[in-house]
Amino acid sequence: DTGRVIVAWTNFTKGTFIPGGTEIRTTFSDDAMSATPPTWSAGVVLNPGSIFSESGSIPRFAGNGSPNVYVAWNQRNSFTGTSYGGWPYNNERFSRSTDNGLTWSAPLTLVASDFYPIDYILGNDRVHSFPGLAVDNSTGTSSGNIYTVYANNTALDGSDIVFQRSTDGGLTFSAGIVLNGRPGADRAQWFPYVAADRNTGRVSVMYYDQGISSSGDVTETTWIYSDDGGVSWSKPSPLTDRPFHGGYGN
C-alpha cells in the first residue's frame, strides 16, 4: 500500500543457550527501492526482557489500507528447567503493531502448553518449529484473518502441522488444529508455509511430509487448502507425482 519494507530478525545478544535470551527486532524503510543506500528506522525489540531463545521471526503487513503489521516467531524455553530428550520445550509467539511498525504490543504466547520440539529427521538434520504467517487480503468474508502454521511434536511421531487463526486482528488466536491426515500415527511433517489468495481468500498450506513411508528419507511436499477461512480443510495431496529422497544419510 505504501511501499514500506519491514524486516524482522533475531539478535543473538548472549548466545542461544545461556541466560540472557535473544531479541526479536524489527526495522522498516520507506525508500528501499529509491535511495542508495536506503534509510532504516531505529530497531524495535518485540520481546524485551526475554530469557528464552527466540528466533525464526516472520513479518506480514495487513494491507488493504490497514495500519496493522504482524510478526510471529518461535520460542525455545531453554531455561525453564524442563526439557524433552535434552532439548527445550517450544512455543510460538506473536506481536502486532497498529501504527505500521512504529510500536508493538507485548508478545502473545499462542500455544496454551509448551510442546515437544522436532527431533532429528532423516534426510534433514537441521530442523525447527519456525512459524509460517499469512494475512487474508481478499475482499471476502475472511478478509483480515491472520493465519499461522508450525511443526508440533507433542504426539512424538516426528511432528505434525498445527494451524491457528485470528479473526480480530491478532488480539486472540483460535486453539490449534492439526492439518495432516494421521496426526500422531505416522512420521514427520515439518517446515510448513501458509499463504492466502488475495482474490479468493483460499488458505493454502504446504509442508514436507515423510508419512508416505514407514522408514528412510523418502519425502514429498504436501498441499492442503481451506475455502472458509481455516474452518474446514481439503484432504492433503502431494504437489508432485512422485516423492524424492531428502538426502541419503544426511
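A polar contact is a pair of N or O atoms within 3.5 Å; within protein, one must be able to donate a hydrogen and the other to accept it, and residues adjacent in sequence count only if both atoms are side-chain atoms. I started from that rule.

**Ground rules.** I'm working with a predicted model, where local features need pLDDT of at least 70 and side-chain atom pairs count only at pLDDT 80 or more, while totals for chains, interfaces and linings use all residues. Residues are numbered from 1 along each chain as its sequence is written, and side-chain values use heavy atoms, with hydrogens and water left out.

**Entry 1: Gln164.** I looked up which side chain Gln164 touches, and found a polar contact with the side chain of Tyr150 at 2.6 Å. The Gln164 side chain also reaches the backbone oxygen of Ser174, at 2.7 Å. Gln164 sits in strand β11 (strands are DSSP runs of E, at least two residues, and helices are runs of H or I, at least four, numbered from the N terminus). Is Gln164 buried or exposed? It counts as buried because its relative accessibility is 1% (buried means under 20% relative accessible area, exposed over 50%, partly exposed in between, with a 1.4 Å probe and protein chains only).

Leaving aside neighbours within four places in sequence, I found Gln164 in contact with residues including Leu110, Val111, Ile146 and Phe173 (contact means heavy atoms within 4.5 Å). Val111 is 53 residues from Gln164 in sequence, yet their C-alpha atoms are 9.2 Å apart.

**Entry 2: Phe173.** Next I went to Phe173, in the loop between β11 and β12. Phe173 counts as buried too, at 17% relative accessibility. Beyond four places in sequence, its contacts include Phe94, Leu108, Thr148 and Arg165.

Entry 3: I traced an open sheet of 4 strands in the order β9-β10-β11-β12, with antiparallel pairing (two strands pair if DSSP finds at least two bridges between them). Its edge strands are β9 (132-135) and β12 (177-178), each pairing on one side only. Strand β11 (residues 160-166) is joined to β12 by 2 bridges, and Phe163 has Ile177 as its bridge partner there.

The other open sheet I checked has 3 strands in the order β1-β2-β3, again antiparallel. β1 and β3 (44-45) are at the edges with a single partner strand each, so one side of each has no neighbour in the sheet. How many bridges pair β1 with strand β2 (residues 23-29)? I got 7, and Ile6 stands opposite Phe28 in β2.

**Entry 4: salt bridges.** I got a count of 4 salt bridges (a side-chain nitrogen of Lys or Arg within 4 Å of a carboxyl oxygen of Asp or Glu). One of them joins Arg4 and Asp30 at 2.7 Å, N to O. Arg4 is in the segment before β1 and Asp30 in the loop between β2 and β3, so the pair ties together parts 26 residues apart in sequence. Arg4 is buried at 17% relative accessibility, whereas Asp30 is partly exposed at 46%.

I also looked up Arg93 and Glu54, whose side chains meet at 3.4 Å, N to O. Arg93 is in strand β7 (residues 87-97) and Glu54 in strand β4 (residues 53-61), 39 residues apart. Both Arg93 and Glu54 are buried.
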